[in-house]
Amino acid sequence: MPPASTGASAVQLPGALPSPPPVASASADTRHRPGDRAFRRANLALFAAGIATFVLLYSTQGLLPLLSADLDLTPGQASWTASVATLGLALALLPASALSDRYGRTAVMTASMLAAAGIALTLPFAPNLTTLVILRGVQGAALAGLPATAMAYLAEEIHPSALASAMGLYVAGNSIGGMGGRLASGWAGAAWGWRWGLAVSAVLALAAALAFRLLIPAARQFRRTPLDARALARTVTGHLRNPLLLRLYSLGLLFMAVFGAVYNTVGYRLTTAPFDLPELVAASIFVVYLVGTVSSACAGRLVGRLGRRGTLYVAIGTTTAGLLLSLADTLAAVLLGLTLITAGFFAGHATASSSVGRTATEGRAQASALYLIAYYLGNSLGGTLGADAYHSTGWPGTAAVALTAMTLATGVTLYATRRAMAVRTLRA
């Protein structure tokens, strides 16, 4: 990464780890190590933070059929309660990161989670869709402080020898929160209605946010860094002119568009003919999310064997096969299709996101920020288009939206392959 004097490196976001502060000697290094009480507290605090953030971010996704039934909404209208939160988060990532450079990592993370949890407590009382959507958009923006800051905090405060394990626990909190938020709200909603589903999510997230505040050790390595807006703009513009980074951003957007389209509408499909599953059973479908944990880990090994583009082809093929299989009107085929879609999505996302840091030779924090922005915009776009298509033509419409995204992803990857082959030919 470029030195802080460039100004652009002041913003740190997930996927690009800041260089730890220099230390005079090993004995003077005060970063947290395994066995230290502060190390355990930091790990548990960030685990709780991941849970809080993603419980809130996806709290309405398991409730969309209930929202439609109670408020007389189309799937597209109801899906805005999920899509607008990720849209708000995407738009607030860079500003939240800049605030953390000025006011500190722990301060921004704490304020972010407590503000979002406070908003969550008001959601069950929303009188109509418009109010609910506005509150969810503000909540998503408030949540941006955590993903924009958490990995920078860990990289600064945790000793390099233990950083990988600390990062792993934080990502595990994200995964559990993402699945748990959908399950908790879905199960509570099935039992008592969508307002109670949102209330349960709010209470869980507030408890996790308070646990974070009580556990997180004070930052000892943080150094306030002024933000040079013009240098930051130059760095961001440079990334947007990099063809390889643009391809990676588009792949993140397209894979997430599939995920948003499928998971915003699958609850509707499972609770109607020919399946007619109870709401409680349909909400449990988000357990499939765990497949992504295995798929993400396997993606790294696949890249080692097949290369980045080879792994992307496998991810696209797996996702496409799952979408085609999900068109069948048998529950077993739909469940297997969802499993393949989830596995393919996580493999593609892991491959594209990990490639961003290796591709950007400077300003890696901003490069990763732009990827996350594209990623969450893809969720908002795909979720809304997929739900509108479901309302118009049923599940085949949703599948068509997702298959279009995978066709575009194939085109992007084929173009990259042809360019790589042309370069090799010229060099030969």
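**Terms and their values**

Modeller: Leu280 lies in helix α11 (residues 279-283); helices are DSSP runs (H or I, at least four residues), numbered from the N terminus. This is a predicted model, in which local features need pLDDT of at least 70, side-chain atom pairs count only at pLDDT 80 or more, and totals for chains, interfaces and linings use all residues. Residues are numbered from 1 along each chain as its sequence is written, and side-chain values use heavy atoms, with hydrogens and water left out.

Colleague: Why is Leu280 called partly exposed?

Modeller: Buried means under 20% relative accessible area, exposed over 50%, and partly exposed in between (1.4 Å probe, protein chains only). Leu280 has 46%, so the term is partly exposed.

Colleague: What makes the contact between Arg269 and Asp329 a salt bridge?

Modeller: A salt bridge requires a side-chain nitrogen of Lys or Arg within 4 Å of a carboxyl oxygen of Asp or Glu. The N to O distance between these side chains is 3.0 Å, and therefore the pair meets the rule. The pair links distant parts of the chain, with Arg269 in helix α10 and Asp329 in the loop between α12 (291-325) and α13 (331-359), 60 residues apart.

Colleague: Are Arg269 and Asp329 buried or exposed?

Modeller: Arg269 is buried, at a relative accessible area of 7%, whereas Asp329 is exposed, at 54%.

Colleague: Why is α10 called largely enclosed by the rest of the structure?

Modeller: Of the 28 residues of α10, 23 are buried, so the description applies.

Note on methods
Helix = DSSP H or I, 4+ residues; strand = E, 2+ residues; numbered from the N terminus.
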